[in-house]
Amino acid sequence: MDELPIRSGDDVVRIRQHVRNAAATTGLSLVDQTKLVTAASELARNTLIYGGGGLVRVEVVKSATGRAGVRLAFVDKGPGIANIDLALKDGWTSGTGLGLGLSGSRRLVDEFELTSRPGSGTSVVVVKWSR
Amino acid sequence: MDQVPILKIGRTLFVSIQIDLQDESVMRLQEDLAEELAATGASGVIIDITAVEIVDSFIGRMLTMIGQISRLFDAETVIVGMRPAVAITLTELGLSLNGVRTALDAEKGLAMLNGRA
């Protein structure tokens, strides 16, 4: 498992490259690699902008049926999300974005789990499986 | 932060993105293009994204805005060279790049700008 900091725009670029390598090594198709890297870019930016920075853990995992996948865990200690259902809605944003970051990246991965409480930060865990 | 160069050929501005874009670089490109459009009176902008591996919602929004800004300078923007995996991902993400024209490659984009497409 690798742990990468999310403190700047440069970190977001580094995370994309790291996730791309992990996805390629795991045997994800080119389209699935692109989807995972795009989701990682969205989630890393969220961690940076809304969470005030944090980190991502990148891990190659195996499913019960033996399929390989890449698991990403984005963690911040920011203000947290008061209304998770609203935050996951297409087009809803608390900032100046399009509101596609969370809802869009959920569509790009196979598993998506968001845990957050106001005042105690946010964690988003996603998995993309090879086919 | 890396800067994306802008080339002027005739009445067209050419931008070929060859770096892994970070948010600041895209915003800088937007500003540089607006300056170039004002200074040169170019009538078209071609943005080549052949080397771009991902377009997320931020980069997508910036590309759409570049198209809108160009129009304020009476110029048309064509995005060329999008990779198939990028097109599939953009669509699933829910981004439509509304108002920006696209072409398969730079040659077709140029033809589009010249009204031959």
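Okay, ground rules. It's a predicted model, with local features needing pLDDT of at least 70, side-chain atom pairs counting only at pLDDT 80 or more, and totals for chains, interfaces and linings using all residues. Residues are numbered from 1 along each chain as its sequence is written, and chains are lettered from A and ligands numbered from 1 in the order in which they are written.

Helices (H or I, at least four residues) and strands (E, at least two) are DSSP runs, numbered from the N terminus. Strands count as paired if DSSP finds at least two bridges between them.

So, the sheet. In chain A, five strands make an open sheet in the order S1-S2-S3-S5-S4, with antiparallel pairing. S1 and S4 (111–116) each have a single partner strand, so one side of each is left without a neighbour in the sheet.

Now the pairs. S1 (residues 2–6) meets S2 (residues 54–62) over five bridges, with A:Asp2 opposite A:Val58. S2 and S3 (residues 68–76) share nine bridges, among them A:Gly54 with A:Asp76 and A:Leu55 with A:Val75. Five residues separate S2 and S3 in their hairpin, and A:Gly66 in the turn has a positive phi of about 90 degrees.

Last, the helices. H1 (residues 9–26) lies across S1, S2, S3 and S5 (122–129), at about 155 degrees to S1. H2 (residues 30–49) lies across S1, S2, S3 and S5 too, at about 10 degrees to S3. Contact means C-beta atoms, placed from the backbone, within 7 Å.

Definitions and conventions:
Two residues are in contact if their C-beta atoms, placed from the backbone, lie within 7 Å. Axes are lines fitted to C-alpha atoms, for helices over the stretch in contact, and angles run from 0 to 180 degrees between N-to-C directions.
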